[in-house]
Amino acid sequence: MPTDDDITQHHDGDPDDAIWLAGGPLPGPVVIVEHDPAWHTHFTTLAERIRSALGPLALTVEHVGSTSVPGLAAKPVIDIDLTVADPADESAYRGALEAAGFVLVVREPGWHEHRCFRLDAPAANLHVFGPGCPETIRHRMFRDWLRIHPEDRALYREAKEAAAAVTNDAGGTVMDYNARKEDVIRGIYARAFASAGLTGSD
């Protein structure tokens, strides 16, 4: 299991380590819309599809990201964390996920052996990690914190809208948009970590 330090450390992936199989980071524009209650229904349907495709190989399937936080504006793309025994062993799960409509778009061996699959309809990113990965713990903590802290939901919304505006004006990608939100995201993480007793103070 990851230590407190593993969880609270920001493990940024190295862009040069990413192996893109389908195009690369999505280009803009970045569109932020009001929260849609249908996103939860989309996740439930996709989770059932994933579990049906993988059976016991799907150790956990979690709705994460902004679409998992009621009341939070977001890009209309469902983010899902899937835990499998070994994400590097693509032969164990890739074929079944692709048969279910998910397309592998990137491998990041240096970032927890992360794999990302995309689905077009409903739009979704499926993130594959291994057991005990600190990133999946962080994602759940961030989601759960925002669900019960409206002040940070509002702060994050402002950061998302500002980042989207600058990115769209500059003709950037989703990766550029994510980078422009980073300071606010880390501030929210710091408060969540401190509240959970993982760090000394907020």
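Predicted model: local features only at pLDDT ≥ 70, side-chain atom pairs only at ≥ 80, totals over all residues.
The buried residues of helix 7 pack against helix 1 (4-8), helix 4 and helix 5.

Helix 7 covers residues 182-195. At 1.5 Å a residue, its 14 residues should span 20 Å, and because its end C-alpha atoms are 20 Å apart, the expectation and the model agree. Which residues of this helix are buried? They are Ile185, Ile188, Tyr189, Ala192 and Phe193. An α-helix has 3.6 residues a turn, so residues three or four places apart point the same way. Viewed down the axis of helix 7, the buried residues fall within an arc of 135°, and therefore they line one face of the helix. On the other side of helix 7, Asp183 and Ser195 are exposed. After the helix comes glycine 197, which has a positive phi, near 80°.

Is aspartate 152 buried or exposed? Its relative accessible area is 4%; because a residue counts as buried when this value is under 20%, aspartate 152 is buried. Leaving aside residues up to four places away in sequence, aspartate 152 touches Trp145, Leu146, Ile188 and Arg191.

Strand 2 runs antiparallel to strand 3 (residues 78-83), and 5 bridges join the two. Within this pairing, valine 61 has leucine 82 in strand 3 as its bridge partner.

Leucine 82 also belongs to the largest nonpolar core, which has 23 residues; Ile50, Leu82, Leu97 and Phe102 touch the most other members. Helix 2 (38-54), strand 3, strand 5 (114-119) and strand 6 each give two or more residues to this core. Helix 2 supplies the largest share, 6 residues. Phenylalanine 102 has contacts that include Leu46, Ile50, Leu97, Phe117 and Leu126, not counting residues up to four places away in sequence. A second, separate core has 15 residues, among them Ile137, Ile188, Tyr189 and Leu198. Here the account returns to helix 7, where Ile188 and Tyr189 are buried.

Terms used:
Residues numbered from 1 in each chain as written. Heavy atoms only, no water. Buried < 20%, exposed > 50% of the residue type's maximum accessible area, 1.4 Å probe, protein only. Contact = heavy atoms within 4.5 Å. Pairing = 2+ DSSP bridges. Helix = DSSP H or I, 4+ residues; strand = E, 2+ residues; numbered from the N terminus. Core = buried A, V, L, I, M, F, W, Y, C linked by side-chain atoms within 4.5 Å. Expected span 1.5 Å × (residues − 1). Arc of directions from axis to C-beta.
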